[in-house]
Amino acid sequence: DASDFSCVRDNITGLIWEVKQPSNNVLPNTTLREAHNHYTWAYDDGSGDVVGSARSAPNSSCPSNIDCSAQQFVEEVNATNYCGGSNWRLPTYTELLSIVDYQRHGQAQMLSPDFFTHLPDYSQLGHLNYWTSRTSVDGQSLLQAFTIDMRSANDLAYPKANTAYVRLVRTP
């Protein structure tokens with residue numbers, strides 16, 4: 001029943017989800033968690049970037065001075081201890097699907113605006129794809145990862161060098 005909040009706890013899964021900030025500026029002059037920031041897919045497993053990771057130029061589609069990859073975004077959010085946690089990460093495929101509100105089918109977004117305020121505008125990228133942590137293994141390369149389209153709830157193996165939105169998650 002709160003009217004202003006930064007995180008959402010899913011009482012079914014127990015996961016805590018990031019709530020974006022409103023989009024007030026023009027990229028890259030945005031704040032860290034603005035809704036319309038978007039990222040390439042990169043993941044560092046502790047021994048270096050996973051094969052196929054793509055790191056984009058600094059300040060290109062986000063306000064980072066290092067790069068605009070999902071991995072860099074995770075690191076920067078974790079450094080802030082956002083909502084009392086420093087274990088934020090990309091959601092798995094199944095986790096991201098768990099927040100899709102299928103009753104909103106046919107509407108502009110399939111995320112509930114009651115819980116996920118400040119959503120990006122479809123016209124910015126021409127899609128509402130959100131990265132998952134899952135690489136698509138297509139038998140040829142590791143250059144794609146799965147996204148979930150928040151307009152249709154369809155999944156897509158999407159090139160890691162392209163940009164998509166990120167909705168971070170963590171366990172309590």
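A pocket is an open set of grid points with protein on both sides within 12 Å along at least five of seven lines, and its lining residues are those with an atom within 4 Å of a point. In the predicted model described here, the largest pocket is lined by 13 residues. Those lying nearest its centre are V8, R9, D10, F115 and F116. The space in this largest pocket amounts to about 250 Å³. Its lining comprises 7 nonpolar, 3 polar and 3 charged residues.

Strand 2, formed by residues 16–18, is joined to strand 6 by 2 bridges in the antiparallel sense. Within this pairing, W17 has V169 of strand 6 as its bridge partner.

A further open sheet is also built from 3 strands, here in the order 3-4-5, and its pairing is antiparallel. Its edges are formed by strand 3 (129–136) and strand 5 (155–159); because each of these has a single partner strand, one side of each lacks a neighbour in the sheet. From one strand to the next, the twist in this sheet averages 40 degrees. Strand 4, covering residues 144–149, runs antiparallel to strand 5, and 5 bridges join the two. One of the residue pairs involved is F146 with A157, the latter being the bridge partner in strand 5.

Among the helical elements, helix 1 comprises residues 70–79 and is mostly covered, with 7 of its 10 residues buried, where burial denotes under 20% relative accessible area. The buried positions are A70, Q71, Q72, F73, V74, V77 and N78. Strand 2 is included in what covers these buried residues. The strand that pairs with strand 6 therefore also contributes to the cover of helix 1, as contact is counted for heavy atoms within 4.5 Å. Just after helix 1, N81 adopts a positive phi of about 55 degrees.

Key: Residues numbered from 1 in each chain as written. Predicted model: local features only at pLDDT ≥ 70, side-chain atom pairs only at ≥ 80, totals over all residues. Heavy atoms only, no water. Pairing = 2+ DSSP bridges. Helix = DSSP H or I, 4+ residues; strand = E, 2+ residues; numbered from the N terminus. Axes fitted to C-alpha atoms, helices over the stretch in contact; angles between N-to-C directions. 1 Å grid on protein atoms, 1.4 Å probe; cavity = no way out; pocket = protein on both sides within 12 Å on 5 of 7 lines; lining within 4 Å. Points joined across faces, edges and corners; volume = space filled by probe spheres on them. Nonpolar A, V, L, I, M, F, W, Y, C, P; charged D, E, K, R; others polar. Buried < 20%, exposed > 50% of the residue type's maximum accessible area, 1.4 Å probe, protein only.
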